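Let's take a look at a protein model together, one question at a time. Keep the picture open while you read.

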Amino acid sequence: MTPGRVIAVVGPSGVGKDSVMAGLMAADGSYQLVKRDITRAAELGGEDFTPLSPAQFAERQDAGGYCLSWQAHGLSYGIPARVQEQANAGQNYLINLSRAVLAEAHEVFADFRVLNLTASGEVLAKRLAGRGRESAEDIAQRLARSGADLPGHLRVVTVSNDGALADTIAEARALLQPERV
Ligand SMILES: Nc1ncnc2c1ncn2[C@@H]1O[C@H](COP(=O)(O)OP(=O)(O)O)[C@@H](O)[C@H]1O
Ligand SMILES: O=P(O)(O)OC[C@H]1O[C@H](OP(=O)(O)OP(=O)(O)O)[C@H](O)[C@@H]1O
């Protein structure tokens, strides 16, 4: 069985990862979005995620429930182990990952690609304020993280999302075309 393709969408907070993923999903029905476990209150909204308490998260993690997990922004994030199983069985996925787990993800998924989104610091600050999910202090901390480097051995496509969302989605699809999104 040919493994499914897993495309990680990464980039700084506010760059448009969730928006671009939604656009890619609307354009190509052959991918599924990965629903993450996050220790964030359900009412904070945004992406469709599974809200867990820190104790619930730790329990799942100890039971081997995650193929990838990390901490960021004072939260824990987990990718359910079944995502790895289903990708290996042929399912294609779009997945929102931390840049810090890309090298590990490259080991976890047999057919792994990265869509790296970028935007200027000014645009990021405006978008985070407009989204209204975080406090001013939280936003400042998120912006301070924005310069992470990507490991050199990965297959990465980089697209600016400084302009219109539709243009970003079209460019990402064109660059990923041989990659089927
Ligand atoms: N190209 C764009 N132009 C204008 N606003 C955008 C664009 N892309 C995303 N946004 C907006 O910016 C905010 C952050 O986008 P989001 O997808 O939540 O980013 P991320 O998931 O990377 O944090 C949202 O309010 C979203 O609607
Ligand atoms: O290590 P980094 O690449 O900086 O990423 C850190 C975290 O930021 C994003 O989280 P989340 O989607 O909750 O936040 P965001 O929407 O503000 O990016 C991303 O999915 C990671 O979980």
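**Around the ligands and through the chain**

The shell around ligand 2 holds five nonpolar, four polar and four charged residues; here Ala, Val, Leu, Ile, Met, Phe, Trp, Tyr, Cys and Pro count as nonpolar, Asp, Glu, Lys and Arg as charged, and the others, Gly among them, as polar. This is a predicted model, where local features need pLDDT of at least 70 and side-chain atom pairs count only at pLDDT 80 or more, while totals for chains, interfaces and linings use all residues. Residues are numbered from 1 along each chain as its sequence is written, and chains are lettered from A and ligands numbered from 1 in the order in which they are written.

Q: Which residues come nearest to ligand 2?
A: A residue counts as near if its C-beta atom, placed from the backbone, lies within 6 Å of the molecule. Ligand 2 has 13 residues around it. The nearest of them are Ser13, Ala72, Ser98, Arg99 and Arg145.

Q: Which helices each supply at least two residues of the shell around ligand 1?
A: Ligand 1 is surrounded by 15 residues, with Gly16, Lys17, Asp18, Ser19 and Arg127 the closest. By class, that shell has three nonpolar, eight polar and four charged residues. Helices (H or I, at least four residues) and strands (E, at least two) are DSSP runs, numbered from the N terminus. The helices you want are H1 (17-27), H5 (121-131) and H7 (165-176).

Q: Why does the radius of gyration of the chain agree with a compact globule?
A: The radius is taken over C-alpha atoms, and the globule rule is 2.2 Å times the number of residues to the power 0.38. For 181 residues that rule gives a value near 16 Å, and the two agree because the chain has 16 Å.

Q: At what angle do H5 and H6 pack?
A: Two packed helices are described by the angle between their axes and the distance between the axes. Axes are lines fitted to C-alpha atoms, for helices over the stretch in contact, and angles run from 0 to 180 degrees between N-to-C directions. H5 and H6 (residues 136-144) have axes 10 Å apart and pack at an angle of about 145 degrees.

Q: Which residues of H6 make the contact with H5?
A: Two residues are in contact if their C-beta atoms, placed from the backbone, lie within 7 Å. The contact of H5 with H6 involves six nonpolar residues, one polar and one charged. H5 brings Gly121, Leu124, Ala125, Leu128 and Ala129, and H6 brings Ile139, Arg142 and Leu143.

Q: Is Gly23 buried or exposed, or in between?
A: A residue is buried if 20 or more other C-beta atoms lie within 10 Å of its own, exposed if 12 or fewer, and partly exposed in between, with C-beta atoms placed from the backbone. Gly23 lies in helix H1 and touches Leu165 and Ile169, not counting residues up to four places away in sequence. Because Gly23 has 18 C-beta neighbours inside 10 Å, it counts as partly exposed.

Q: What is the phi of His73?
A: His73 sits in the loop between strand E5 (66-72) and strand E6 (75-80). With 15 other C-beta atoms within 10 Å, His73 is partly exposed. Although His73 is not a glycine, its phi is positive, at about 55 degrees.

Q: Which residues is Val156 in contact with, leaving aside its neighbours within four places in sequence?
A: Val156 is found in strand E9 (residues 156-160). It counts as partly exposed because it has 15 C-beta neighbours inside 10 Å. Its contacts are Val114, Asn116 and Leu150.
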